[in-house]
Every structure is written in structure tokens, then in C-alpha cells.
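Morning, everyone. Let me put the model up, and then I'll walk through it from the chain contact down to single residues.

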There are 2 protein chains.
Amino acid sequence: MMLQDLSAFEIGLEANAANFVPLSPVSFLTRAASAFPDKVAVIDGERRFTYTQLYDRCVRLASGLAALGVTRLDTVAIIASNIPELIEAFYGVPMLGAVLNPLNTRLDAANIAFSLNHGQAKVLIVDREYAALVTAALENVDHEMTVIDIEAPLGANAPAGALRYEDVLASADPEFEWPGIPDEWQSLCLLYTSGTTGDPKGVVYSHRGAYLSALGNGFSFGLTFDSVYLWTLPMFHCCGWSYPWAVVAAGGTQVCLRKVEPATIFRLIAEHKVTHLCGAPIVLNMLAHAPKEQRVAFDHKVTIATGGAAPPSSVFRSMEAIGFRVTHLYGATETYGPATSCVFQPEWNGLPAEERFARMARQGVAYPMVEAVMVADPETMQPVPRDGERVGEIMVRSNTVMKGYLKNEAATAKTLVEGWCLSGDLAVWHPDGAIEIKDRSKDIIISGGENISSLEVEEVLTQHPSIMMAAVVARPDPTWGETPCAFLELKPGVDAPQDAEMIAFCRARMARFKVPKTLIYGSLPKTSTGKIQKFVLRERAGAL
Amino acid sequence: MMLQDLSAFEIGLEANAANFVPLSPVSFLTRAASAFPDKVAVIDGERRFTYTQLYDRCVRLASGLAALGVTRLDTVAIIASNIPELIEAFYGVPMLGAVLNPLNTRLDAANIAFSLNHGQAKVLIVDREYAALVTAALENVDHEMTVIDIEAPLGANAPAGALRYEDVLASADPEFEWPGIPDEWQSLCLLYTSGTTGDPKGVVYSHRGAYLSALGNGFSFGLTFDSVYLWTLPMFHCCGWSYPWAVVAAGGTQVCLRKVEPATIFRLIAEHKVTHLCGAPIVLNMLAHAPKEQRVAFDHKVTIATGGAAPPSSVFRSMEAIGFRVTHLYGATETYGPATSCVFQPEWNGLPAEERFARMARQGVAYPMVEAVMVADPETMQPVPRDGERVGEIMVRSNTVMKGYLKNEAATAKTLVEGWCLSGDLAVWHPDGAIEIKDRSKDIIISGGENISSLEVEEVLTQHPSIMMAAVVARPDPTWGETPCAFLELKPGVDAPQDAEMIAFCRARMARFKVPKTLIYGSLPKTSTGKIQKFVLRERAGAL
């Protein structure tokens, strides 16, 4: 364009270092360390780190990694429980422009080796709790890698590597001028998802996306300077839904937690006046059903956000009764965690409890940083009508959609389609804008040509007083094509009801064709993040 | 770079329409209209607009303006009180990629004409309340311009233009496919500030900056879906600190207000359960000192943010007593309004009231979207020590720093220096990270929240035939914060004019709020090099 073709609004108004800064979540820490240096940033048992100390340790980590040869876009993997060192990695690694790869601690050695090889990790930081697992995985790692052990207080595992985390920090340069990033699109994190089939896929996040995800999550969740966030959600899971950054953006305090145990959680909530926590529905279940002697009373409201499967109304009820406010979110690793939420509408307070909980189980409100969400027909990419009936696939468009899958352009192209991220989740769209998830596309049961939402059947089953968790899958059937088959986990110390009683219970609450034809009692298989492994149940149902 | 030099993190992970959307505050409205279509977005007297209706009116405005020939980077000026149509302009104009130029309603006709000419406004939208003022200004506009009147219920002013706002909307296309923006750096707004010297400067904002400012303001101010925001801050002032967008990002409700009158404010707070408002310290003063019969009791906490001069402790005390929580902010038009705030620290609750109020009058915490704030020596650009004593200039680096001044590269270069936006405000830095403003930039007087350039007033005063030299400084005032106080040196052998004559002389040549409230005649104190010692005059004015 010739200069004379430019508008006055395009001349002399260029971006410069005063008015343009590449968006990066590391900024939240530099700001916090400058603005409230003495505020407690992290609590871990008896350990306390102020924002000054947290910043110092992150700079030292960056410096130490640089000394080990880590540079721009090198992968630094970490396997750790929710401990301060993991929070530090969320800053120290991006300070170098390197890529953080938090590993799922519940994976087996083969899966860990796969991730380390696929992501070509240059350094692996190991919480000593997982040293034996890592040592086994290292046998199958195909390249040179520096291994650093974090000296965990528990476990007498032999170290997995030659270096100690605190030694690396102690010998690092506290004045290290970390380079940061020149381009906010630069890759920040690598997260392997456990697909139900084939190899895990490596989801890649950008600095820009993580920055906006953190701001949007902090804003939506109501984090403030006074917030105390308890780490019941694994940080390796979608970067802990961006909370390692969001809590720092708010200037709040993070409370670490190694094991998700109700007794510890209740104690920490009371002791530190925890205001916010997140977790899979199974965490809510654990808290709601914790024995009385494990509970510690607290007199403040605690907000708990949960995602994954829609919690049954019984969970909302139990959690409210013991002082929690439940917020229900929907998202995926591909959307940096939460993309939509259920925003409680004051007029719901006037509804009967069942109806209120049903509204709370919907999640239609796009996060503020999400550009658009729609329920659409994946064939035509046209939105379904907002009639609460027509089922479509949830699709998201956002700066908080992943860059893509690492070294897997085919999978990326199947997921990011015509400007939308396809979730694979099926839902209906209500006239009020709410989205109600009906199922994963593969979890829908088609019986005699009728679609049956397994979630809907599970919701009814968990209303039965004996049932703690329910999972319904398709069982092949020569007559109907498929029939619903229910796997049921009982509450502790309760006997299984008679089949006839359970069937009658269902018939009173759902259309006849939706009533499970098969009922099986026992413990349900779960993934490392607490999701029920429906594919395992589907195999079992197929083999019946 | 050759392909083989690229990292795996740079291949197949490009930005696309699913994962990259140019940041624009218009997104907040499209999201709100989709997610909570029936929520009340705007209240104005008896009028209510849901998010569906607000979105519809904004699309119609965009369509109507497009039909008038408005296109990318054309300027659309608007002069209006805080009415719904002004909120609509904050969306309808950017939807076209055009530039919104909200005009200060308190300016005189000459200043308005200057803005319209300098910004080359293609369309001017006029709240009928200001039609006479605009009609006078139009006489000096140097180019063709379409003028649209908003039919205000009050005032019988003859319309300033040939078109009516509601007619434009009624004949517009509600299905108009507004183009949006391809580049988030694109100019969004133009705001004229009264600078210290010469003509007003046109501060230009970008879509990116406005988006981040809105998210950061909403996050910091604790806006939620349940928030009700009352418009006591002029929207023309730094785009209303981004709240026309921030409230929509939260999904809250905006309550319009034509006149800042305590009785109306109290009534609206009680009637609509207002949770948040903003205003200059004078607004707090008015509320704190409102006669009892104007007050309406409310039983909820109301958060009020104030900027400009630090409020005296008496204001904090009075406001707390009647149910307000005061948050103190610091910023400038050049930083999209608030850049830092005072974050109340729980341990201050234990301090004696005076000390607590002193802490509350500081403002050191950079907003979450602000990259960095420092107090530095403008000569060396090095930060001053954090000792609470050494005075330096406040400098800001942020994506929420203006793009620059329109058609004024010299002024831009003086303000955006070496990666920092120089505020011209002097402050000390405390060890806890708090910043305490010691002096406004010495030439600026802030009266009733409006900046008055002393040089501009001096220029007029010295045009009077009797005056040789003039120096105008701020005089503290319990109502206005500050008022202009003029020290005047007469020409030899000339008698001082009557005050009434001098005031009339000024009123004919400047906006009413800029006219000095105090006139003092005598010899002016000067340095050895002949510069007027304004600090001496400031002391004198303070002692009056």
C-alpha cells in the first residue's frame, strides 16, 4: 500500500515496546512480584513462598535449565504431584521460551516413555514420588535427556536422575535475564491426551492462549486478591485449567496438595480458608460421601468448579448441604480446559430443587475469552435450532483453542474444521442459550432406531438411594441393534437392590425404551483423571 | 528460515480461524447475545434492553452507518450523556472497523469544532441535549459531515442535523453482516485530551487494547453476571474506563444516568440493586455530603472506584459510613483509564483509621493486563529505590497503552519513550510495592474530574490588555477537588480589572469549568533565569 493510501489512523501509530507486549502468562508473575512482593503465593504443608520467593525460584529454574542447554522451543517434561515445584515449572520453563510438558502421573511407564520420545524432551524433572515409574520408563527413551529429581519428603525411591532440583536452583543465577518470547503465538505447553484409541495426541498451547485462558478463568471464577485456591485438580490436566497462572493474575494464594483425600481437603479448607477449588465429579463425590469423622466444619462458602461429565443432581444436593457452591464447566484439553460454564441465574432460586439442579447441570455460557460456541450438525456445519431437542455437536472458536496436535497434522485437520474446534460431544441447545450435553458422540446408544442419552439414564440411576455412580453403555442386541447396559457402583456398605426394583424405579422416571435391559454391580473402571472408562465397559458389555 | 531449521513446534501448528480471532471488544456482545439472550443488558429510566435487543440495535446502527458511507477507519463522532445510544455506539461503530470519537460534553463549541476537524469525523451523532452547542460548533467544521440527532426526552433544542437516530435504526438491515476487523491492532477509538500545551491531542486506542482493558477491568473490579453497573462516570472519559465493554463481558446490567445528582444516584442504587459504579472524587464528595432527604437507604455493599487525585481520608470515612466500598485507581487517557489500583490488604483492617485511609489512598498494584509499572527517573529511565521517599515519574508499559496521538508524532515520541509511557505524574515507591502520587504533572489542574491545562488558561489571561504575566495553579477545593487559581502580574501603570470583567473575558474564550475561581494580582515569584516558581504559588494558593 502506498503511503498516500493509508488512513491517518495507520500513520505514526505503530506498535512499540510501550504499547505492545506479547501476551504471556509469565507476565502475571512479574507483576505480582513487583506489586505485592510479601504476599504468600504458595503454601505447601509447612512451606510458604511469598511472591518474591516464587519469582526468585522461577528465575533460578530458568537460569538452571539454560545452563543445562535448554533454549527456545526445547521440551522440558515434568512428572509431579501438585507441589510448588510444578507451579514453578509453569513459569521457569516459559521464561526461556521452552515448552513445558507436564506428564500425567497416573500413566504407566510405556505411556511416559512414548510422551518423552514423541515430545523429544531434553530435560525431565521428576517428583521423587514417581522415580521408580520414571526409571522404568527411561529404559525406553530413545534420546539423551537430563533428569532432575525433586526431593520429595515421602517415599524412599532411588532418584531417577543425576541432578537434584534444589541444587540446580542453588547454583543458578538469581539475576538471570530470562529472554521471554518475541511472539505470543509461540508454543508454551505440550499436553498428551489419553485418546480412547491409538497413541496419545500432543496438544500444543500458545503463550497468547494461556494468557487469555488465565484471565478468562480468573474473571469467570471470581478470583480476587483474597482468593485461596486448593489444588485438587491435577496441574498436568489442561495445565490445571490455567489456574497456576490465573491465581497469580489475581494475586491470590495457591495451596498445594499431594493426594486427593477428603480428610486432608476438609482440613486445608478450614485451616487456610480456601475459597476456590476444582475437580472432576469424582472429587465432589468423594467429598459428598466422606465419612463424618473426616469432615471438618468451615463457616465460609467454598466455590468448587467441576467439569467432565455433568454431575448428577444428587451431587449438587449433597455438596450444597455441606457448604459448597458448585459451578459446572465444560471443556476439553483442546480448549485449554473450560470453554463454557453454567452461570447460575437468580430466578432459578424460585424453582423446585430438581428443576434447579437440572438447570445447573447445563453449561451454555461461553467463557468471556471464548469467541463463539455453537451446537451444530457436523455434516453441514450449520447450528441446530435452539429447541432443546435437536442434537448436534458442540463446536468452539477461540483464542483458547489449541494450536494443534504435535506432529499430527491429520488429527489436527480432523479437529479444527472450517474455523471451529470439534469437540466430539453431543448436546442440545435450549432457547435460553444453555447447552445441555447429551453424550460423547460415541456414548450415544441407538436402540430400535431411538437415540438414548446414556447421561440421562445415568442421572436417573444415581437418584436411587443405593447408587453412588452409574455408567450406561450400549450392549449389542440382535433385535434392537443396541440396548442400554448399566454398570452400577454402590454406596459403601449398601447391598445391591433387586433387579425388579431397579427396573421399576427407572420405568417410573423414563421412557420404557431407555430403561436398561442389563444391570451389573461392581466398582467402575476410571481413567487417571477420574473419568469413567466407558470403552472398557463397552467391551465388557459386548462380551456378555 | 528453511523448513529443516524449524522446530516441530513450528510446523503444522499455524493460526487458523478456529484458534486465532483478532481481539475486539465487540466479541463480548456477540457472546452475551448468544449465551444470555433474554438478560437485561441496559436500563434507562423506563426503557429496558435485553442482550438480544442491544445486539440488534448495534447491528442496525452499524448497518445504518454503512448505508451512510461509513467504512473502515472512518471517524464517527458522538456527543451524548450516558444514554443507551452511547453504549450502542461503542459496538455499532467498531463492528464496521470505523473509529469511535466520543466527545466531551463539557467542551465549548470551538473545542468541539477542533475535534471534528482534526479527527475528520464523517458522521456526528448528537444527543439532542447538546444540539444547540453542536449547531454552534458546526459553523466552524471544515468538511462535509452527516449529523444524526438522538431524540432526547428533555430539552426543546432544535435538531442539529437532518437525520434521526431511531429512523436510521428502523430503516437499517437487522441481518447486516458487519465486517468486523482483520487486525486487532486496528484503531478503535479517538479521544481528545486537554494537554498542557496547545491544541487537544487525539489519543488512539486499538481493538486489542480495549479488549484487554475490558477483561482486566472486569476482573479487577469483580464484575460478575449479577453485577449492576451505574453510569456515574462519563463514557467519553477514556471510553468510560472500558466499562461499556467490561460489563458486557461479565454479562451484567448497565444502568444509564443523564445527570450526576445524588438523589437520583441513591434512588437508582436502591431500585436496581446497583453493585458497582465509578466516578471522579467529586462524585464521592457529592454522595458523602448529600442532604439526608436525598439519601435512600440500601442494604447491600456498593463498590465505587475513583481515580484522579487521591481522595482525602475524610471521603473514605464518609463513604464507608453510608455503605460504599471505595477502590482507588490511577490512570490516564493514555492508559485506557485505570492502570494501577489500590488492592485492599486484609491486614490493614488492624490499622488505626487514619493509617488505613492513608494506605487506601495509595495505588501501586498494576492491573492484571498491565505489563509493568515503575516509578523512575525520566533522565536515566532507571527506577527509583523503593524507599517511600525518592520522587520519580510514573511509567507504564502495557498493551493498554495508547497507540499514540493522531497526527502528532512529535507528541507521541515525547510520551512513549524507550518502551514506557510517561505519565507526567510524580510519585514515590514504597517497599511494599505501593505507589503514592506526590504531585500531578505540575501544569495540570483537576477540577471535578476534568483536566484543565494551566497553560491554556494562562494563554487566555495574557490576552487581556491589562495583564503582563499569568500563572495558574491548583487551589484545593472541598467540592471540586481543585479549582484554577490565577496569579496575575499587571502591565506597568495599569489598574487591576474588576473580577467580574476578568471572569467575563475568560468565559467568552474557554469552557466554563476552566475559568479561574480565584484571581490574585501582584508580582510573580521568579527564578534567577526568569521562570515562574509555580511551587511557591501552589503553596500560596493552598494557604488561601
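Start with the two chains. The contact draws 60 residues from chain A and 60 residues from chain B. Contact here means that the C-beta atoms of two residues, placed from the backbone, lie within 7 Å. On chain A, the elements giving two or more residues to the side that touches chain B are helix H1 (26–35), helix H7 (207–221), strand E16 (365–366), strand E17 (370–377), strand E19 (391–398), helix H14 (409–415) and strand E22 (420–429). H1(A) gives the most, with six residues. Helices (H or I, at least four residues) and strands (E, at least two) are DSSP runs, numbered from the N terminus. By class, that side of chain A has 32 nonpolar, 19 polar and nine charged residues. Nonpolar is Ala, Val, Leu, Ile, Met, Phe, Trp, Tyr, Cys and Pro; charged is Asp, Glu, Lys and Arg; the others, Gly among them, are polar.

A word on the source. This is a predicted model: local features need pLDDT of at least 70, side-chain atom pairs count only at pLDDT 80 or more, and totals for chains, interfaces and linings use all residues. Residues are numbered from 1 along each chain as its sequence is written, with chains lettered from A and ligands numbered from 1 in the order in which they are written.

Now domains. Chain A splits into domain 1 (26–205), domain 2 (260–374 + 424–441) and domain 3 (444–543). Those bounds come from an automatic or database domain assignment. The C-alpha centres of domain 1 and domain 2 of chain A are 29 Å apart. Five residues of domain 1 of chain A contact four residues of domain 2 of chain A. On the domain 1 side, strand E8 (187–193) and strand E9 (201–206) of chain A each give two or more residues. That side has four nonpolar, one polar and no charged residues.

Next, single residues. A:Met319 sits in helix H12 (residues 313–321) of chain A. Is A:Met319 buried or exposed? Buried, because 20 other C-beta atoms lie within 10 Å. The cut-offs, with C-beta atoms placed from the backbone: 20 or more others within 10 Å is buried, 12 or fewer is exposed, and in between is partly exposed. Beyond its neighbours within four places in sequence, A:Met319 contacts A:Leu284, A:Leu287, A:Ala288, A:Ile304, A:Phe324 and A:Val326.

Last, backbone angles. A:Cys239 is not a glycine, yet its phi is positive, about 55 degrees. A:Cys239 is in helix H8 (residues 238–241) of chain A. A:Cys239 is buried, with 26 other C-beta atoms within 10 Å.
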